[in-house]
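Subject: Structure handover

Hi,

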Amino acid sequence: MDRSFGNRLRNLRKFKNINQQELANELGLSQTSIANYENNVRFPSDIILVNLADYFQISLDYLLGRTDESTPIIIAPRHDNSMADPALSVRYLDAMIRNNIPEAWQILTLSTKTGIPNTSLYDDILAPALSEAGIMWQKGELNIAQEHFISLETERFISLLRQNPSIRQAGPLIASLAPGEENHQLGIRMVNNALEEAGFNVMFLGSQLPYDNLQFILDHHPVRMIALTASMRGHLNQLQFIMERLRENDRFRHIKVIVGGQAFIHSPELWKKIGADGYAINTADTVKTVKRIFDK
Ligand code: B12
């Protein structure tokens, strides 16, 4: 077996079904650099190596051929004081894989009846189940159709768990979005729900939003905070772009920014570097962090 770095990189890329140019775009590199890495002509810097490991969700040891264990390293962030039994997340995913939607929904509703807060449903049941589905997909144990089905049904549950729309929250207005091409929205939608439940007003703006349109919202609504999500590091430049436009504009400089999502998980200081006011690893942490920012 060829365990060279170049070969490992080529196989990982092909497994993800992307070409060299697409991988280069994700990581802010040129296609030639990727070709050189794959042909073992050049070797990347330590920062690029870590970005590659994050992108493919494998360990550096696997990338460098020291182990054949390619299990992804990202596990969904857990509560320190998780209130839901981890087995519930496994049962939820199992029900989804069997297309037993009533059973999956019941796991959530019964948990609520036993006093488990919704933040725990999101952080301890749904998020780990989705991560596990991603891992199973990567190992070839689930196909794309199954993974899409699980994501879409979970999205429906997130909508059902949302606050009654007839309730107008009294708290500060928070605009939330997934910058640029970032289409991973389940995490931020859970965050939106949790913030609404905690009394904040949330305007969710989705993704692929031109900056001018965000500006329109900021000009017409009393937004006090923006929540930005990024799952893929390749989308961080678009998040950074929004941050820079906000900070250079006198009208918007006072608006607080909180960030989150998997792109931040392995770089604990990244949120500070991009100038955000806060970062949170999951929905429970988000509520605490947002309250802390507003209390300051
Ligand atoms: C579901 C899913 C999708 C769905 C998304 C559906 C949707 N409406 O969101 C679909 C099918 C569209 C999709 C597409 C793709 N995906 Co995808 N996807 C996933 C999967 C399986 C689960 C993601 C998820 O929802 N997790 C659960 C949520 C709850 O977790 P979370 O986002 O981390 O959110 C929590 C915290 O981070 C935090 N949080 C999140 N956002 C915010 C924001 C703020 C402000 C705060 C404070 C906190 C916060 O709170 C949340 C609750 O605890 C992951 C697998 C995995 N390991 O995660 C892959 C994964 C994220 N996808 C991946 C990839 C590569 C892709 C595609 C490029 C695939 C392709 N070849 O087309 C596209 C890219 C789309 C794009 N342009 O963005 C990779 C990303 C690798 C990387 N790190 O770069 C992963 C990791 C899969 C893998 N192992 O390779 N995907």
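V259 stands opposite Y279, which lies in strand 5. Two bridges link strand 4 (residues 256-260) with strand 5, and the two run parallel. Strands here are DSSP runs of E with at least two residues; helices are runs of H or I with at least four; both are numbered from the N terminus. Two strands pair if DSSP finds at least two bridges between them.

Before going on, the ground rules. This is a predicted model: local features need pLDDT of at least 70, side-chain atom pairs count only at pLDDT 80 or more, and totals for chains, interfaces and linings use all residues. Residues are numbered from 1 along each chain as its sequence is written, and side-chain values use heavy atoms, leaving out hydrogens and water.

Five strands make an open sheet with parallel pairing, in the order 2-1-3-4-5. Strand 2 and strand 5 (278-279) are its edges, each pairing on one side only. Helix 12 (residues 236-247) packs on the sheet and touches strand 1 (173-178), strand 3 (223-229) and strand 4. Contact means heavy atoms within 4.5 Å. The direction of helix 12 makes about 160 degrees with that of strand 3. Axes are lines fitted to C-alpha atoms, for helices over the stretch in contact; angles run from 0 to 180 degrees between N-to-C directions.

Last, a backbone point. N40 is not a glycine, yet has a positive phi of about 55 degrees. N40 sits in the loop between helix 3 (31-38) and helix 4 (46-56).

Best wishes
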